[in-house]
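Okay, thanks for coming, everyone. I'd like to walk you through one chain today, so let me put it up on the screen.

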Amino acid sequence: MKNKERMIELLTGVQSSKRNYYTELKKTVSELQKKNVQLEIINEVMKGFNVEMSMDDLLRNVLEKLKKIFPIERISLSMIEGDNLILTNVYPTNSTVLKPGTQFPQDHSLYWSVMSSGRPYLYRKQNQNKREPWYEEKVIIEMELDSIFLFPLVRKGHVTGVLSLGSKRNLESHWADLSFFQQLSDQLAVCIENTHLYNEVLLTKKKWEQTFQAVPDAIIIIGLNRVVLQANHTAHLYFPSKGDLIGQQVDALLFSQEEDHPFQKKLLELNTSSDELHIENKIYECHCYPIFNDSNNHFASIIYLEDVTAKRRIEAQLIQSGKLAAIGEMAAGVAHELNNPLTAIMGNAQLLLRKAEPSEPTYQLLKAVYECGKRSKTIIQNLLTFSRQDEYLFEICSINEAVHQSLGLIGNQLSKQGIQVETILDRKLPQIEGSCQQIGQIILNLLLNAKDALEDSEKKEKKVIIQTSLNQNSDTIILTVTDNGCGMEQDVLSEIFHPFYTTKNATKGHGLGLSVSIGIAQAHGGTLKAESILGEGSRFILTLPIQGKVNNHNERVL
C-alpha cells in the first residue's frame with residue numbers, strides 16, 4: 001500500500017508541489033521580515049530627531065539594524081561645510097583611519113565624485129582599474145573593506161553630503177535594495193537638516209536668554225492679567241525680598257508703596273509709557289512697551305526698570321552745590337559790603353573804649369557794640385569758609401577746628417532754641433589728612449539732624465554733646481554727636497543713610513544729608529554709624545584715620 005502511495009506521489013508530483021510551496025512561503029516570509037527591518041530602520045531615523053538623539057547615536061542604531069539584513073560593518077556621514085566636504089561622523093569610531101573632521105580634496109576623491117554626480121555609487125576593490133587611484137582608496141585598503149555603498153544626501157534638490165556603508169564582503173547582490181538605501185539617505189538628509197534647524201533655534205534661544213539675563217537693568221514681561229511671565233536676573237536683585245517673581249502680580253511689586261499711582265493704569269496701554277517710581281527707598285525710571293503677536297494683537301507688555309537713585313542723588317548734589325556756589329558769591333558780596341562798615345564800627349568802638357572809664361555806663365554799651373561786630377565778622381568768615389567752592393584737596397587739618405567752624409555757623413541758632421551744646425574735645429588730638437570743609441559739612445549735617453530731633457522732643461532739657469577722642473588701638477579719631485531727642489526705631493535706623501530717605505517733611509529736608517555725609521567719611525577712609533533708642537535719643541559716630549592712613553587723597557566729593 002505504501003509503495004502504491006509513493007508511486008502516485010512520484011507520478012502526480014504532489015510532494016514536489018508541497019516542497020516548492022513551502023520554499024516560496026519561506027522566501028516570502030524572509031522578504032517580509034527584511035521589509036519590516038527596513039521600515040524599522042527608516043522609522044528609527046525619523047524619530048531620532050524627535051528624541052534629540054545625537055548623530056553618533058543615530059548612526060549606531062541604524063548600523064545595528066542594518067546588520068540584521070545586510071553584511072554592513074561601517075557607516076559614516078560626510079557633510080558640506082561651506083565649500084568643503086568634511087567627514088563628520090563615523091561608527092564604529094575605531095573603524096576608520098580617517099578621523100572625523102578630515103577634509104576631502106576635490107580632485108580624485110570618491111566622495112566628491114558622488115557629491116558632484118548626485119548619483120549612488122558602489123565601490124568594489126577588485127573592480128578598480130583606474131590609472132590614478134581614488135584619494136580614499138589607500139584608507140579603504142587599510143580598513144580591509146571589499147565594498148562601499150555611497151549615497152548622496154539630497155535635500156530640496158541640493159546635495160548636502162554623502163552617506164557611506166562599508167563591508168568586508170561583496171555588496172553587489174544588495175544593489176537591488178537601492179530604493180531602500182536611497183530612501184534611508186533621504187530620511188537622513190531630512191533628519192540632519194532638521195537637527196541643524198533645531199540647533200539654530202536652540203542657539204538663538206540661548207543667545208536671547210543670555211542677552212536677557214545680561215542686561216544690567218531690570219526687565220519684566222507681564223501678561224494681560226498683570227501677572228509676571230518672565231523676569232531677568234537684575235529684576236530679582238531689585239526685589240530680593242520677593243523671591244521668585246514669576247507668577248506674582250506686578251502691582252504688588254511696583255506699587256505697594258504708592259497707591260493709585262498714575263503709571264499703574266498705563267501698564268497695559270497700547271502705546272509706550274514712562275514714569276518714575278519710588279520702590280523700597282530707591283528711585284526707578286520705568287518704561288512700558290506693548291508686545292504684539294503676528295496678528296497684531298496685544299498679548300503682553302515689557303516693563304523696563306532702571307535704577308536712577310545714584311543719578312538723582314548726584315543731580316540733587318549738583319543742585320545743592322549750585323546753591324552753595326550762589327551763597328558763596330552772595331556771601332563774598334555781603335562780606336565786601338559789611339567788612340568796611342564793621343571795621344569802622346569796631347575801630348570807633350575801640351577808640352571810644354580807650355577814652356571811656358570802665359565805671360562809666362557807656363563803657364559796657366561800647367564793649368557790647370565791639371563784641372557784636374567781632375562776632376558778626378566771625379560769622380561772615382565762617383560762612384565764606386563753609387560755602388567756598390574751591391576744589392577740596394586733602395591737606396593737614398584738625399577735627400577740633402572743624403567742630404569750632406560748624407558751631408560758629410549753627411551754635412547761636414541752637415542756643416536760641418533752648419538747646420544746650422556741650423563740647424568735650426581732646427586737646428591732644430593729632431591732625432588728620434583730609435578736607436576740613438568737608439568734615440565740617442558732616443558735623444553741620446549731624447548738628448542739624450540733632451536740632452530737628454530735639455524740636456520733636458517734649459523734654460524740657462534739650463542737649464547735644466560733641467566729643468572727640470583718639471582710639472589708640474586702631475590709630476583713628478572718633479567724633480560723636482549725641483542728642484537726647486526723640487530717637488529712632490530700628491527699621492528707620494537701618495535706612496537713614498540711603499539717598500532720599502527722610503523722616504522729615506518736605507520743608508525740612510530732602511534725605512541727602514546723611515547720604516552725602518557717609519560718602520565724605522568713606523572718601524576719607526573712615527566710617528559713619530548711628531545708634532538710637534526710640535524716645536531716648538541718638539548718637540552718630542564718625543571714625544577717621546589719622547595722618548598717613550588715607551588713600552585717594554585727591555578725591556573730590558561734592
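So, buried residues account for 41% of the 558 in this chain. Keep in mind that this is a predicted model. In terms of elements, you've got 14 helices and 18 strands. And if you take contacts between residues at least 6 apart in sequence, 60% of them join residues at least 24 apart.

Let's start with a sheet. Here we have six strands in an open sheet with antiparallel pairing, and the order reads S3-S2-S1-S6-S5-S4. At the edges sit S3, residues 103-104, and S4, residues 121-124, each pairing on one side only. S3 is joined to S2, residues 84-91, by two bridges, and those strands run antiparallel.

Moving on to the cores. The largest nonpolar core has 40 residues, and the ones touching the most other members are Ile 399, Ile 439, Leu 447, Val 464, Ile 496, Phe 497 and Phe 540. Elements giving two or more residues to this core include helices H11, H12, H13 and H14, along with strands such as S15 and S18. Which element gives the largest share? That's H12, with nine residues.

Leaving out residues up to four places away in sequence, Phe 540 touches a whole list, including Leu 446, Leu 479, Met 488, Ile 496, Phe 497 and Leu 514. Lys 529 and Thr 480 are among its contacts too. Apart from this core lies another one, of 29 residues, with Leu 59, Leu 171, Phe 180 and Ala 189 among them.

Last stop, a hairpin. S9, residues 273-279, and S10, residues 282-292, pair antiparallel over seven bridges. Ser 273 has Cys 288 in S10 as its bridge partner. Two residues sit between the strands of this hairpin, and Glu 280 takes a positive phi near 50 degrees there.

Okay, that's my tour, so over to you.

Definitions and conventions
Residues numbered from 1 in each chain as written. Predicted model: local features only at pLDDT ≥ 70, side-chain atom pairs only at ≥ 80, totals over all residues. Heavy atoms only, no water. Pairing = 2+ DSSP bridges. Helix = DSSP H or I, 4+ residues; strand = E, 2+ residues; numbered from the N terminus. Buried < 20%, exposed > 50% of the residue type's maximum accessible area, 1.4 Å probe, protein only. Contact = heavy atoms within 4.5 Å. Core = buried A, V, L, I, M, F, W, Y, C linked by side-chain atoms within 4.5 Å.
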